[in-house]
Amino acid sequence: MDSTLTTKTESGHPYQSQDETSMGDVSWTPEEERKVVRKVDLRLIPTVWIMFVISWMDRSNLGNAKIAGLNADLHLSSADYSMAIITFYFGYAICGPLSNIIITRLRPSVYFAGLMMIWGIATCCMGAVKTYPQLLILRIIVGIFEGGLTPGVYFVISSWYVPAEQAKRAAFVLSAVLLGGAFGGIIAGAVTGGLEGRYGIRGWRWLFIVEGIITIIWAMIAGFILPDFPATCRHFTPEEKMIATTRLKNCGTNVGDNANDGPRLGKFQSVKLALSDWRTWGVAGGIGLCGCATVLPYFYPTLVNGLGYKEHVMAQYMTVPIWAAAFVCALSSGFIADRIPNHRAAFIAGWAGFAAIISIVVCMVQEYKARYVLLIFQGCGVWSSISLGVAVATTTFQDMRPEVRAISVSLPQAVGNAANIYGAYLFPQEHAPRYLTGFAVITATLAAGSILFAVVDVGLARRRKFLS
């Protein structure tokens with residue numbers, strides 16, 4: 001049976017909303033709701049933020065290892081290095097959607113900790129590789145298990161927060177990737193420089209070992225902190241769970257308990273429904289096009305090395321300002337986007353177009369210091385687009401059943417990261433120092449992504465008008 005939910009406003013006057021959970025009359029104050037949100041924020045956001053920092057360091061440390069001697073020691077050609085990059089994304093792109101099918105049936109706290117533990121062990125093992133095939137196999141393993149983290153985390157965020165709360169949190173979580181790049185440069189410089197030759201081990205090998213150990217330690221800690229889903233989280237009281245689920249339903253989020261939906265959907269039916277919705281393809285296509293530019297971090301150390309730094313340590317440190325500027329822009333954009341939630345896609349179109357214009361200028365400029373400054377601006381546009389794209393995905397699919405939303409949220413991540421498969425070949429060493437082909441392709445994909453997100457914004461506006 002249906003029951004009535006009474007919620008008190010700031011002024012103390014109640015308003016009525018329909019509660020379909022059949023759990024009786026419930027009332028709460030705005031302060032009680034804020035308390036629930038703060039509790040989620042403290043357990044979920046900082047924990048996954050650190051996980052994202054570590055995951056990005058573990059996937060992008062290949063670029064720092066390259067200029068610290070990896071290519072020379074393993075006798076890798078430019079094509080070999082590109083293959084080492086893309087093998088990660090084969091597993092990453094494929095396993096993201098598959099992982100999100102699984103996570104709706106498991107406890108996210110245990111699942112995320114398990115994924116992280118396995119890829120941390122594989123990262124440590126990369127410090128002992130002797131041959132190119134060994135490197136490829138370990139990169140595939142890291143990609144497979146890292147692949148479940150990003151789409152899973154954003155699905156969990158969409159399961160806890162109402163749409164108006166998601167953009168700044170999504171941007172903050174993704175900002176970990178940006179600081180992960182900055183921290184990665186700092187750690188790489190310290191480790192490869194300070195531990196070079198220690199106990200007869202090369203600095204680039206120490207880099208993998210140290211970062212892998214950090215990953216394993218945090219995985220063990222995170223499992224005890226992370227919340228699960230609102231209805232099942234062991235860290236919350238029954239009243240807090242009720243507040244968390246009901247406020248989502250009040251904002252149109254399908255929490256999976258609507259009797260009109262019928263029985264739980266099967267895996268194939270969930271995939272079919274997700275793929276039949278134009279919103280899934282629109283958002284996935286836009287993120288996929290913009291995502292091509294996210295391959296640049298693998299080549300930041302190489303591009304910065306052209307500034308004239310002969311020591312690889314200084315080249316690694318000089319990548320930090322690129323990441324730091326992108327962090328500020330992406331985080332600021334998330335807060336602004338939550339104030340205009342119906343036009344986040346238009347916001348992305350603007351940032352992607354800005355990055356495309358900067359990329360054109362990069363093709364025209366030959367002076368290294370000017371190109372370095374342009375890379376900083378380009379990073380701001382690219383990463384602001386990606387972070388807001390995640391927010392568009394989590395909020396656009398709120399009305400879908402949880403099993404379907406899990407797939408729809410994961411597909412943009414999969415398509416976006418699949419772009420790195422061809423992106424890895426855009427900057428071969430023989431194209432140095434200008435890398436015109438690489439920047440030309442990135443310009444085209446960013447421009448196309450900008451146009452597609454503008455179309456998505458119009459489509460979503462018409463859909464809201466039709467449903468109103």
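Helix H1 (30–74), H2, helix H6 (166–194), helix H10 (278–291), helix H15 (368–396) and helix H16 (402–423) each contribute at least two residues to the lining of the largest cavity. H16 provides the largest share of that lining, 5 residues. Helices are DSSP runs of H or I with at least four residues, numbered from the N terminus. The model is predicted: local features need pLDDT of at least 70 and side-chain atom pairs pLDDT 80 or more, whereas totals for chains, interfaces and linings use all residues. Residues are numbered from 1 along each chain as its sequence is written, and side-chain values use heavy atoms, with hydrogens and water left out.

The largest cavity holds about 230 Å³ of space. Of the 19 residues that line the largest cavity, Arg59, Trp383, Ile386, Gln413 and Asn417 are the closest to its centre. A cavity is a set of points on a 1 Å grid over the protein atoms alone where a 1.4 Å probe fits but cannot get out, and lining residues have an atom within 4 Å of a point. Grid points are joined across faces, edges and corners, and the volume is the space filled by probe spheres set on the points. The count comes to 5 cavities of 30 Å³ or more.

Exposed means over 50% relative accessible area, buried under 20%, and partly exposed in between (1.4 Å probe, protein chains only).

Thr104 lies in the loop between helix H2 (78–103) and helix H3 (108–126). Thr104 counts as buried because its relative accessibility is 16%. Its side chain reaches the backbone oxygen of Ile101 at 3.0 Å and makes a polar contact with the side chain of Arg105 at 3.1 Å. A polar contact is a pair of N or O atoms within 3.5 Å; within protein, one must be able to donate a hydrogen and the other to accept it, and residues adjacent in sequence count only if both atoms are side-chain atoms.

Cys125 lies in helix H3 and is partly exposed, with a relative accessible area of 38%. The C-alpha atoms of Cys125 and Leu135 are separated by 9.2 Å, with the two residues 10 apart along the chain.

Technical notes. 1 Å grid on protein atoms, 1.4 Å probe; cavity = no way out; pocket = protein on both sides within 12 Å on 5 of 7 lines; lining within 4 Å.
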